[in-house]
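Please consult the sequence and the structure shown here.

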Amino acid sequence: MITALSGDTSRLRATVDFVKEQDTARLLPLLLPGLDGPELRTLVERCDFSHAALLVFPPDEAALETALADCGLHADEPPRPSVVVRERLAARHHRSVAELDVAVLRPAVPCRDGARRVVEVFALTVPPGSDLDTIAAHERERQHEAHVAFEVEAPDPLVLRGLCAAFGRYGATPDGGGYNPHENGTVFYFTAPADAKADYRRVELYVPGDHRDVLAAHLDEHRRRQPPEALLRLLTGAWTTQALAAFARLEVADAMDEERSTGVAELACDVGAFAPNLATLLRYLAMLGVVREDHGGFRLTDTGRLLRADAEGSMRPLALMYGGPFYESFAGLGHTVRTGEVAFEQRFGENHFDHFARDPELAELFDRSMAAGSRMFDPLPAHPVLAAAAEGATVVDIAGGNGELLGRILSAHPRLRGLLLERPHTVETARRLLGGAGHAARCAFLAGDFADVPAGGDVYVLSRVLHDWDDDRCREILRHCARAMPDTADLLVVERVLPSDGSASLATAWDLHMMCNVGGRERRSDHYARLFADAGLTLVGRTPLPLDGSVLHVRRTAPEPASHGTPVSGPGRE
């Protein structure tokens, strides 16, 4: 018990030191990485660092007073009941609220910047021999209630909602809260993002007065993040995929307007749907932010606009592909994990390249779905290799699909020429599209396979190709490239690269997709470097792209300089 109490005192002393040293402008960026400039100044104006908090476990009130005195603290007011922390402890440890005697004190701390701040001390009384010892041990280890707090200066509901939204933009997530009638104050708890630089992971916004109307939305978001509710939302993800696919397949977005709402009856008539069921679909999509219910009808949001066929950057082909063939094959994911076989091939009896090639409409949809992710390519034409290419240099796009990427490069650099290598049926589509874009005179087309990579190009491009294949096939493809490349040529490989630190990335999702549907995989940068080296190539640079993409800049490996050792004397020589 003495050791535990001394540990509480040590934590209390460390908290006092923290409060003395910090201020609002310095602490907020530590808790919310990336926050700076005007938004930081706005937050500093709206809220003020008021305290740091911890939970201690004295056996009685006298022991608590001794611990405070040892840290130079004196509470001006008697302890008050802590409603929020008591309820959190009861829920966490499955105890009755009546069993937990939790008080809160706020002794003042003289701060270096002259401000008046406090240390908020929550005290759960744990008498000797009490069965509350297990709670104390758990809480000391996990520090669930340790947090820093900011008091909102002007408790206006609009300001409060704006502060909560700002915290969310920088990665903080709702973590409960409540209204304390004893103090007439409302607290909003957040969990700081994983990359926060402060030792505290919980952040409180304290607002004088009763703001349970704003708190309700905050608590709803917190509940949505609780394991049962979060898991249920994940389990119904398939419904979302099919709702978006149905919306795209029925061409509902094309029948809607962004500027005015359209009634369900009118939409149903336009797209040939059953009005009551279309209304149910639209309400679900409104919950996802794809449409907005407005004046008795619905209108498109910016997100929903991307499902129009005529929208710039339309993602309708992706909705049809992910809600169509790839949706069917994903039902075999368990088979893939269990056996190592490709689910797509189990479902359709052949690999996806051959399957799409047999069906012209499906092949066209696949090519359009690949082009639908073209935002990844936006910065690529400005890559230094392309910007520095000489007049008349040739860019060879290997397995370049319908020419979307090559067309962007040729549009950005009128001095360059292009050559697209693809399967015969896709070459004709690319020829038509690139010709329509005015590039016919500067672009050649070659129908073939990877073994037909033409020699003599200046810049070679492999965009989203290597992730389709296993390592052996990748080495083979890269060796074809290396044999064709002159010593001065560059190879630009566009892929989603798996993060080396395990952080969240679209590459991780696509790794699962490639495994299930293609038999390929996404890779880390060092994995690609080894594949390049095996093919006689060297990774010389990496540049980030949108949608978690990367450009890997690759060149032929320079030959080892010849060794000039000491000559060996022949017969008759000295």
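The points below treat the cavities and then a helix pair.

The model is predicted: local features need pLDDT of at least 70, side-chain atom pairs count only at pLDDT 80 or more, and totals for chains, interfaces and linings use all residues. Residues are numbered from 1 along each chain as its sequence is written, and side-chain values use heavy atoms, without hydrogens and water.

**Cavities**

- The whole structure contains three cavities of 30 Å³ or more (a cavity is a set of points on a 1 Å grid over the protein atoms alone where a 1.4 Å probe fits but cannot get out).
- The largest cavity holds about 130 Å³ of space (a volume is the space filled by probe spheres set on the points, which are joined across faces, edges and corners).
- Its lining comprises 17 residues, of which V84, R106, N180, E183 and V187 are the closest to the centre (lining residues have an atom within 4 Å of a point).
- Two or more lining residues come from each of α5 (83-93), β5 (116-124), β7 (173-180), β8 (185-191) and β9 (202-208) (DSSP runs, with helices being H or I of at least four residues and strands E of at least two, numbered from the N terminus).
- The lining of the largest cavity has nine nonpolar, four polar and four charged residues (Ala, Val, Leu, Ile, Met, Phe, Trp, Tyr, Cys and Pro count as nonpolar, Asp, Glu, Lys and Arg as charged, and the others, Gly among them, as polar).

**Helix packing**

- Helix α24 (residues 471-484) packs against helix α26 (residues 525-534) at an angle of about 50°, and their axes are 8 Å apart (axes are lines fitted to C-alpha atoms, for helices over the stretch in contact, and angles run from 0 to 180 degrees between N-to-C directions).
- α24 is therefore oblique to α26 (angles under 35 degrees count as roughly parallel, over 145 as roughly antiparallel, 65 to 115 as roughly perpendicular and the rest as oblique).
- In α24, D471, C474, R475, L478 and R479 meet H527, L531, F532 and D534 of α26 (contact means heavy atoms within 4.5 Å).
- The contact of α24 with α26 involves four nonpolar, one polar and four charged residues.

Methods:
On a 1 Å grid over the protein atoms alone, a cavity is a set of points where a 1.4 Å probe fits but cannot get out, and a pocket is an open set with protein on both sides within 12 Å along at least five of seven lines; lining residues have an atom within 4 Å of a point.
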